Amino acid sequence: QVQLVESGGGLVQPGGSLRLSCAASGFSFGSYAMNWYRQAPGKERELVAGISSTGSNTNYADSVKGRFTISRDNTKSTVFLQMISLKPEDTAMYYCHLWRGSVRRNYWGQGTQVTVSS
């Protein structure tokens, strides 16, 4: 079955960097777009970044443009989120996401916590 396993979160000071990874299995990874979402306490889950199946197209939330970069390695079935110049408002649980239109279903990882604090 589909599995999405995030890693790479942690505690970082403002201005610092982190690289999140999402290891995928159970489906044809190279055939699907992938996304990163985040959810802060008391707030709705929001789309942070998305990447097309080949990696040729990406999109970002306005709040992270210029600071976050989404990428993927289809040979390793992994999607990444490089985050730089982190701000306290980036503090959230970050989730890897897949939408499979063929079965009309969303898939989520368990999340990885990112905390930006001095």
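Analyst: A disulfide, as the term is used here, is a pair of cysteine sulfur atoms within 2.5 Å. In general, such a link is a covalent bond between the sulfur atoms of two cysteines. The model is a predicted one, and it holds one disulfide.

The two partners are C22 and C96, with a distance of 2.1 Å from S to S. That value lies within the 2.5 Å cut-off, so the pair counts as a disulfide. About the S-S bond the angle is -85 degrees, and the link of C22 and C96 is left-handed. C22 belongs to strand β3 and C96 to strand β9, so the bond ties together parts that are 74 residues apart in sequence. Both C22 and C96 are buried. Buried here stands for under 20% relative accessible area.

Next comes the nonpolar core. The largest one has 31 residues, and L4, W36, L81 and Y94 are the members that touch the most others. Among the elements that give two or more residues to this core are β3 (18-25) and β9 (92-100), along with β7 (68-73) and β8 (78-83). Strands β3 and β9 are also the ones that carry the two cysteines.

In general, strands of a sheet pair through backbone hydrogen bonds, either parallel or antiparallel. The open sheet that includes β3 has four strands in the order β1-β3-β8-β7, and the pairing is antiparallel. At its edges are β1 (3-7) and β7, each of which pairs on one side only. On average, neighbouring strands of the sheet are turned by 15 degrees against each other, direction ignored.

At the β7 end, β7 and β8 are joined in the antiparallel sense by six bridges. The loop between β7 and β8 contains S77. Phi of S77 is near 50 degrees, which is a positive value in a residue other than glycine. S77 has a relative accessible area of 21% and is partly exposed.

S85 is partly exposed, at a relative accessible area of 37%.

Definitions and conventions. Residues are numbered from 1 along each chain as its sequence is written. This is a predicted model: local features need pLDDT of at least 70, side-chain atom pairs count only at pLDDT 80 or more; totals for chains, interfaces and linings use all residues. Side-chain values use heavy atoms; hydrogens and water are left out. A nonpolar core is a set of buried Ala, Val, Leu, Ile, Met, Phe, Trp, Tyr and Cys residues joined through side-chain atoms within 4.5 Å. Buried means under 20% relative accessible area, exposed over 50%, partly exposed in between (1.4 Å probe, protein chains only). Two strands pair if DSSP finds at least two bridges between them. Axes are lines fitted to C-alpha atoms, for helices over the stretch in contact, and angles run from 0 to 180 degrees between N-to-C directions.
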